[in-house]
Amino acid sequence: MTIDKSWTTIRRRGSLNEFWNGLQHFLQMAKPFVNDRGFIKCPCRRCLNNASHQFEDLESHIFQNGFMFGYNQWIHHGEPATANAGTTVAGPSGGIHERDEMFDVLDDIISEDANEDAVGGPSSNDQYDDLFAALRSELYPGVSSFSSLNFLVKLMHLKVLNKWTNKSFDELLKLLKLAFPKIDLVESHYEAKKLMTKMGLGYSSIHVCKNDCALFWKENALKDTCPVCSESRWKLQSGKRSGKNIPHKVLRYFPVGPRLKWLFATSKTAKLMRWYSTGKSKDNDVMRHPVDGKSWQEFDKRHPQFAGDVRNVRLGLAANGFNPFGNMSLSYSMWPVVLTTYNLPPWICMKAEYLMLSLLIPGPQSPGKDMDVFLRPLIDELKELWVHGLDTRDAASENGVFRMRAALLWTVNDFPARSNLSR
């Protein structure tokens with residue numbers, strides 16, 4: 001009986017079950033041929049059978065880099081040298097997660113890193129080991145409808161939608177483990193959050209000077225004092241730094257690029273990201289979307305190359321302060337900075353699930369004239385998206401990957417914030 005090797009040539013690996021099922025069959029075949037130290041030659045497109053790895057790492061290597069070309073007889077992985085590699089038959093199909101939607105998510109994440117590594121050199125696959133383990137494992141013995149990873153993502157989604165506290169989420173996990181002792185699930189919200197961060201759902205914590213002079217970021221990342229006012233980065237006790245370094249302020253930054261890419265990851269939202277190109281009002285006296293306005297049209301005239309691809313993203317920025325404690329007797333002002341995606345139709349672009357929180361500026365006072373200090377990470381990323389863009393997979397296009405660029409068209413704010421934000 002010959003072996004089906006057609007899966008080794010599939011380009012978009014994560015979205016096709018054939019590649020995953022073929023890879024699992026290959027690993028089963030190769031497992032008995034590891035050496036006494038647990039190593040085996042890796043036939044991914046980087047290693048080319050010239051490097052050996054632990055057998056547990058083989059799956060992530062091949063999934064990330066693809067299967068090497070020309071390796072038609074798997075002589076290092078259990079196939080006899082005399083076998084006929086030209087004829088194929090159907091390999092094993094199905095599996096416990098045959099239709100698991102997390103395949104597409106992992107493919108997008110790993111493909112992006114693979115493109116970056118192609119420029120910057122080889123990288124380790126260790127960061128994906130936990131994701132592969134959760135994707136490969138059953139949620140519960142005999143349950144084939146969910147992988148452990150898929151269930152955890154949906155559980156975290158429910159937490160956000162219903163505003164569960166971290167403590168209530170921990171209690172739910174304990175209850176699930178008590179009721180179903182064999183369930184394969186993380187122990188706490190902290191562990192779940194670490195796993196989600198590997199999927200691009202995290203944020204960056206950036207320390208801020210006590211007086212809002214500068215961010216301890218990039219060229220200032222390793223400094224212990226503010227480069228402007230020389231104030232200590234850390235809270236002091238009796239004039240001395242405590243045993244644990246605690247910063248005065250922390251800015252939370254949520255990268256924009258990965259979330260814009262995910263809007264093109266499914267065919268439904270990818271089509272909606274083109275709506276403005278065909279949804280423009282035919283009545284010149286009616287404005288139902290910013291695309292009908294003169295500002296939008298003037299922007300297109302000034303930047304015809306950007307306007308030439310309808311998939312390029314148009315953004316608006318809004319910022320305002322609020323009291324997060326709901327107690328008006330307590331003077332505290334925290335400032336979220338939110339981005340709106342105007343490619344989407346008007347009945348969607350202003351819905352909460354399509355608004356993107358980019359910055360969470362800490363209090364207790366309004367940033368005032370120092371707003372530009374806090375905006376720096378966002379502005380740097382927006383410049384990168386404007387000048388260079390990001391390679392993005394478009395699920396609604398036959399061409400697959402395109403270079404997505406983004407532009408900030410305007411800011412939305414009240415009059416007190418206008419002098420600080422619109423400059």
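Proline 364 sits in the loop that runs between strand β10 (356–361) and helix α14 (371–387); helices (H or I, at least four residues) and strands (E, at least two) are DSSP runs numbered from the N terminus. The peptide bond that joins glycine 363 to proline 364 is cis, with omega of about 10°. The model is a predicted one, in which local features need pLDDT of at least 70 and side-chain atom pairs count only at pLDDT 80 or more, while totals for chains, interfaces and linings use all residues. Residues are numbered from 1 along each chain as its sequence is written, and side-chain values use heavy atoms, with hydrogens and water left out.

Two loop residues have backbone angles worth a look. Lysine 163, in the loop between α5 and α6, has a positive phi of about 55° although this residue is not a glycine. Aspartate 212, in the loop between β3 (204–208) and β4 (215–216), is likewise a residue other than glycine with a positive phi, here near 65°. Their surroundings can be described with relative accessible area, where buried means under 20%, exposed over 50%, and partly exposed in between (1.4 Å probe, protein chains only). Lysine 163 is exposed, because its relative accessible area is 75%. Aspartate 212, with a value of 8%, is therefore buried.

Next comes helix α6, which covers residues 166–179. Its 14 residues should span 20 Å at 1.5 Å a residue, and the end C-alpha atoms are 20 Å apart, so the two values agree; the expected span is 1.5 Å times one less than the number of residues. Buried residues of α6 are Phe169, Leu173 and Leu176. They cover an arc of only 65° around the axis, so they lie on the same side of α6; the arc is that of the directions from the helix axis to the C-beta atoms. These buried residues pack against α5 (148–161) and α7 (189–198). On the other side of α6, the exposed residues are Lys167, Lys174, Leu175 and Leu178.

Finally, phenylalanine 402 belongs to strand β12 (residues 401–404). Phenylalanine 402 counts as buried because its relative accessibility is 5%. Apart from neighbours within four places in sequence, phenylalanine 402 is in contact (heavy atoms within 4.5 Å) with Phe264, Asp309, Arg311, Leu390, Asp391, Thr392 and Asp394. Arginine 311 is 91 residues from phenylalanine 402 along the chain, yet their C-alpha atoms are separated by 8.9 Å.
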